Amino acid sequence: MGVQPIDCAAFEDSFNGIISAKAALMKTVAVPELYNFYNPKFNIADVKLRKLEEFKEEEFKKLNSL
């Protein structure tokens, strides 16, 4: 696609997916299962959401500022 990983965002629902995206130098948005939302391991994501519909302009701006 001709896009650098640093200019990409990965939306993941698993911890391993977040780890993989971080290893690829992508920005990360965690959308874990509700029972995992407060699991501290998901705090490594740049943004953490309860559901995908919460991704709004504020979260987009946060990712772009990283």
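Student: Where does L25 lie?

Tutor: Keep in mind that this is a predicted model. L25 sits in the loop between helix 1 and strand 2.

Student: What is the phi of L25?

Tutor: Start with the general idea: most residues other than glycine have a negative phi. L25 has a positive phi of about 70°, although it is not a glycine.

Student: Is L25 buried or exposed?

Tutor: Here you need a cut-off: a residue is called exposed when its relative accessible area is over 50%, and buried when that area is under 20%. L25 has a relative accessible area of 58%, so it is exposed.

Student: Now I would like to see the whole fold. How many helices and strands does the protein have?

Tutor: The protein has two helices and three strands. Reading from the N terminus, the elements follow the order β-α-β-β-α. The radius of gyration is 11 Å, close to the 11 Å that the globule rule gives for 66 residues, so the protein is as compact as a globular protein of that length.

Student: What box do the C-alpha atoms fill?

Tutor: Taken along the principal axes, the box is roughly 35 × 25 × 20 Å. As for the surface, the accessible area of the protein comes to about 4,700 Å², and 56% of this belongs to carbon and sulfur atoms.

Student: How many of the 66 residues count as buried, as a percentage?

Tutor: Of the 66 residues, 29% count as buried.

Student: Which residues is T28 in contact with, leaving aside its neighbours within four places in sequence?

Tutor: Contact here means heavy atoms within 4.5 Å. With those neighbours left aside, T28 is in contact with A10, I18, A21, K22, I44, A45, D46, V47 and L63. For the protein as a whole, take the contacts with a separation of 6 or more: residues 24 or more positions apart account for 20% of them.

Student: How many salt bridges does the structure hold?

Tutor: The structure holds two salt bridges. E57 forms one with K61, where the closest N and O atoms are 3.2 Å apart. E57 and K61 both lie in helix 2 (residues 57-64), and they are four residues apart, about one turn of the helix. E57 has 53% relative accessibility, so it counts as exposed.

Student: And how far apart are the mean positions of the positive and negative charges?

Tutor: The protein has 9 positive and 10 negative charges, and their mean positions are 4 Å apart.

Student: How do I compare distance along the chain with distance in space?

Tutor: Pick two residues, then look at both numbers. E12 and Y38 are 26 residues apart in sequence and 15 Å apart in space, C-alpha to C-alpha. E12 lies in strand 1 (residues 9-12), and Y38 is in the loop between strand 2 and strand 3.

Student: Where is S65 found?

Tutor: S65 is in the segment after helix 2. The C-alpha atoms of S65 and I19, 46 residues apart along the chain, are separated by 20 Å. With a relative accessible area of 59%, S65 is exposed.

Technical notes
Residues are numbered from 1 along each chain as its sequence is written. This is a predicted model: local features need pLDDT of at least 70, side-chain atom pairs count only at pLDDT 80 or more; totals for chains, interfaces and linings use all residues. Side-chain values use heavy atoms; hydrogens and water are left out. The radius of gyration is taken over C-alpha atoms; the globule rule is 2.2 Å times the number of residues to the power 0.38. Buried means under 20% relative accessible area, exposed over 50%, partly exposed in between (1.4 Å probe, protein chains only). Accessible areas come from the Shrake-Rupley method with a 1.4 Å probe; for residues, only the protein chains shown count as cover. Lys and Arg count as positive and Asp and Glu as negative; His and the chain ends are not counted. The place of a charge is taken as NZ of Lys, CZ of Arg, CG of Asp or CD of Glu. A salt bridge is a side-chain nitrogen of Lys or Arg within 4 Å of a carboxyl oxygen of Asp or Glu.
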